[in-house]
Every structure is written in C-alpha cells, then in structure tokens.
Amino acid sequence: MSSEGAVPRRRNPRGQGQVLKAELVEAAARLLATLERPETLTLRQVAREVGVAPASIYAHFPDLGALIQHVLRLRYEELAAVMRTAADGAEGPLADLVARCAAYVHWGVDHPGQYRTLFGGGMPAELVPTNAHGAGEELLGSVVASLADARQDQPEHQDRRGPEQEWQAGLLLWTALHGLVALYNAHGNMPWPDLTDLIAQTLALHTGRPVDAIVELARTADRPT
C-alpha cells in the first residue's frame, strides 16, 4: 500500500499487537528504501502507510529513531545471513571469501534501496547514532577473518599478520566492495564490465591470487535471492 492512498486499517484482535508491530517495521523499511530523501521519514508517514493513527506506534516504539534502528538491525541480519549461506560448503578459504564477497555485492545490487538504507548515510545522528550500526560488525568481521584465512592458505603469506593489520586489510577490501556496489547502483547506465569479473578483479588485488581462479569460483557461487 502506498502512502498516497492509505486507508484506515482494521484493528487487530486483542493479543495480536505483534502483527501491527511487524506491519510498522515493514512500512518503515519500505519507505526508507524508496523515499528520495529517506532522512525526511516521519512517524506520521509510517502510520499513514499502515493505516493507523500515529499514536498507535508508541505502543511498540518510543520514537522514530527506535523504529529506524530496528529496521537497520533486521537488514544487517538479512545481509549477514545471505553471506553466511553463500559460504556454507565452500571448499577452502579462498572459496569462502569469494562466496561471501560475491553475495555481498549481488545483494547490494539486487536490493539497492535496502543497501542504501544500511550504507547510504544522511540520517541525523539523533535518529541513527553511530552505535546503531553495531549489528553490521558481523559483516566486516566475516570479511576480515575470511581474507586472513585466504591469505594464510598461500605459502608466500605464511608470515601471519597481526590482528590490527588483518583488520585493516579486511576494511580496505570491504571499502572496495562498497564502492563497487555504490557506484554500480548510482550509475547503472554506464557500460559496466561483467559484475562477476569486477568482483574477481577486486579480490585478486586483495589476495594476490590469479583473477582466472577467482572468476571460476565466483561463477560457481550461488547468487543470493
């Protein structure tokens, strides 16, 4: 239902308040992903989308910030689950890394609105403080660990890096992947090379592995839905 033609919502039977909460979360997530300026979202818009009075929201969320942060946690959990699932059954550290990173990029490209919700920025700090993105630490942590394992799987990289160096290497890789998704989504009309090839070339730069080997792994990885 769009906010333009919202109609009053039928009251849930007693004891089904969680149904309304789920509808509020779904509406807020949809608006954040589709509004031209998601930072302008209001509780009144969410209420109109669902077809309830704005006051009804306070039974479930104390304010707009709490609702937005709830949506963020769900989206981070969704993306983390997609990456974990993609890596399940990966044969070897490099395959694990390729699967995780390919899943991240494809999810971001296939769900541009949801990706923007997580990484687009622009939200006022009073609504989305920095610690609201703490749920995303699992994403970065999985890339850091997977990259470290993939590098250690090569004889020429047996000189183990310290935790700080591993974290920085993973951060740089995530930054590259994020830039790829953000630019691809913002400038989709450009004659981009094949996305899988771009992912493989990015990973080759960060692992020191041949591009051809990574392309083969990336093409056999399941594309998330």
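User: What volume does the largest pocket have?

Analyst: The largest pocket holds about 250 Å³. This is a predicted model, where local features need pLDDT of at least 70 and side-chain atom pairs pLDDT 80 or more, while totals for chains, interfaces and linings use all residues. Residues are numbered from 1 along each chain as its sequence is written, and side-chain values use heavy atoms, without hydrogens and water.

User: What counts as a pocket, or as a cavity?

Analyst: On a 1 Å grid over the protein atoms alone, a cavity is a set of points where a 1.4 Å probe fits but cannot get out, and a pocket is an open set with protein on both sides within 12 Å along at least five of seven lines; lining residues have an atom within 4 Å of a point. A volume is the space filled by probe spheres set on the points, which are joined across faces, edges and corners.

User: Which residues line the largest pocket?

Analyst: Its lining consists of Tyr76, Phe119, Thr130, His133, Gly134, Gly136, Glu137, Leu139, Leu140, Leu171 and Trp174. Two or more of these residues come from each of α6 (137-152) and α7 (163-186). Helices here are DSSP runs (H or I, at least four residues), numbered from the N terminus.

User: Which element gives the most to that lining?

Analyst: α6 does, with three residues. By class, the pocket lining has six nonpolar, four polar and one charged. Ala, Val, Leu, Ile, Met, Phe, Trp, Tyr, Cys and Pro count as nonpolar, Asp, Glu, Lys and Arg as charged, and the others, Gly among them, as polar.

User: How many cavities of 30 Å³ or more are there?

Analyst: There is one cavity of 30 Å³ or more. The space in the largest cavity is about 60 Å³. Val144, Leu147, Ala148, Arg151, Gln152, Arg161, Glu166 and Ala169 line the largest cavity. α6 gives the most here, with five residues. The cavity lining splits into four nonpolar, one polar and three charged residues.

User: Switching to packing. How does α3 sit against α6?

Analyst: α3 and α6 pack at about 25°, with axes 9 Å apart. That makes α3 roughly parallel to α6. The cut-offs are under 35 degrees for roughly parallel, over 145 for roughly antiparallel, 65 to 115 for roughly perpendicular, and oblique for the rest. Axes are lines fitted to C-alpha atoms, for helices over the stretch in contact, and angles run from 0 to 180 degrees between N-to-C directions.

User: Which residues make the contact?

Analyst: Tyr76, Leu79, Ala80, Met83 and Arg84 of α3 meet Glu138, Leu139, Ser142 and Val143 of α6, where contact means heavy atoms within 4.5 Å. Tyr76 and Leu139 also line the largest pocket.

User: And what is the angle between α3 and α4?

Analyst: Helix α3 (residues 64-87) and helix α4 (residues 93-110) pack at about 140°, with axes 8 Å apart. That makes α3 oblique to α4. Their contact includes Leu79 and Met83 in α3, with Ala103 and Trp107 among the α4 residues. The contact residues are nine nonpolar, no polar and four charged.

User: What about α3 and α5, left-handed or right-handed?

Analyst: The crossing of α3 and α5 is left-handed, whereas that of α3 and α4 is right-handed. Left-handed means the near helix is turned anticlockwise from the far one by less than a right angle, and right-handed means clockwise. Leu72, Arg75, Tyr76 and Leu79 in α3 meet Gln114, Thr117, Leu118 and Phe119 in α5.
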